[in-house]
Amino acid sequence: MLEIAPSSVADRARLLCGGDAHAVAPLLDALASSSALAAGVRLLRGRGAGWAGTPRALAMRLAATLRPWPGRDEIRAFDSRAGTVTARDLGKAIVDPNRVADTIDSDGTVVFQKIDGLDFHWHRLARAFEGATRRPAQVNAYAGAPDAPGLAWHRDPHDVLILQLAGTKIFAVERDAGAIDIPLAPGDLLWLDRGVRHRATNGSAGSIHASLGLLHWMRDAMAVPVIDRRPLAPPLPDCPLSAEERGAALLDWRPFRDLPPDVAGGEHLRPDLLALIHPTEGGSLVDLGGFRRALGAQEAAMIEAGRCPPSVRPWLGARFAPAATWPELLAPLEPGDM
């Protein structure tokens, strides 16, 4: 079920990503008040960001912006013929655009797993949703061939917000009277509650969409909030957490509780920024989506220890002005020229 944290809780989201949570709140309000197409299924037309260009070309441009950490991050490919998702070598410290194109040309779909850990702007998007909902979030992006089918009928163990970015995609969702098809055009957003059975097929020009997953909290035997990663087989008992409990659990999951609110310009470095430190041949660099800075050995050592080097503080502080509106978060996601 769609849940929105009260504004008093969102006000404390500066620890997550500045004031970006405020930019997400109106979108969640619109989703919550929209008419349900089926149980747990809501649609907003044209409230996202449509990308200009063909899905194949955009996938190549997107790949050129991503920097996975070798051995830690995986780029996967979905084989439409075999119906499987497997890891595929698409590059080490950078994703190879030509290998992405080859995958799509062979009727496959590239799955950029946890893209919020590979690029700063996707990172901000996920953290903004965490701040607004007080639930852990991650983003996968899918770039696929024309008319290629996705996974067979399945259910996700978390809520999903789908952002259609380029091309078209047809989502089939199950409801009491049988399945319905929901065609998505660039800019459309589709919400699926946890457990909604669905499948998807690309349109005739191919498709790129992002899938933002919002994980669930539950209480363990000691009544402590923990992330629910269990499969959907047994129904879960209704065990809601208050906004304050979810906020405390999220801050424990991403440990910011000892940091001051204005951490971007302070002595401490937010732990979530470690995901944006990438290896290079000569050392490391911090990549904030177009603003890149090489790190010296001493700077890298301080950052790994969770400290913000004095030489980097002014540079980081200038990059973290909060987004005021939803479009401000979406606009930088569109990849530029290679």
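**Close-up views of a predicted model**

**View 1. Contacts of A36.** Apart from neighbours within four places in sequence, A36 is in contact with V41 and R42. The model shown here and in the other views is predicted. A36 belongs to strand β1, which covers residues 36-38. Is A36 buried, partly exposed or exposed? Its relative accessibility is 47%, so A36 counts as partly exposed, since that class lies between the 20% limit for buried and the 50% limit for exposed.

**View 2. A36 and W191.** These two residues are 155 residues apart in sequence. In space, the C-alpha of A36 and the C-alpha of W191 are 9.5 Å apart.

**View 3. Strand β10 and its surroundings.** Strand β10 runs over residues 198-214. Of its 17 residues, 13 are buried, so β10 is largely enclosed by the rest of the structure.

**View 4. Strands that pair with β10.** Strand β6, residues 137-144, pairs with β10 in the antiparallel sense over 8 bridges. Which residue of β10 is the bridge partner of N140? It is S211. Strand β7, residues 159-173, also pairs with β10 in the antiparallel sense, over 13 bridges. Here L161 has L212 of β10 as its bridge partner.

**View 5. The whole protein, for orientation.** The protein contains 10 helices and 15 strands. It has 338 residues, and 49% of them are buried. Among contacts between residues at least 6 apart in sequence, 74% join residues at least 24 apart. The accessible surface is about 14,900 Å², and carbon and sulfur atoms account for 54% of it.

Technical notes
Residues numbered from 1 in each chain as written. Predicted model: local features only at pLDDT ≥ 70, side-chain atom pairs only at ≥ 80, totals over all residues. Heavy atoms only, no water. Helix = DSSP H or I, 4+ residues; strand = E, 2+ residues; numbered from the N terminus. Buried < 20%, exposed > 50% of the residue type's maximum accessible area, 1.4 Å probe, protein only. Contact = heavy atoms within 4.5 Å. Areas by Shrake-Rupley, 256 points an atom, 1.4 Å probe, with all protein chains shown as cover. Pairing = 2+ DSSP bridges.
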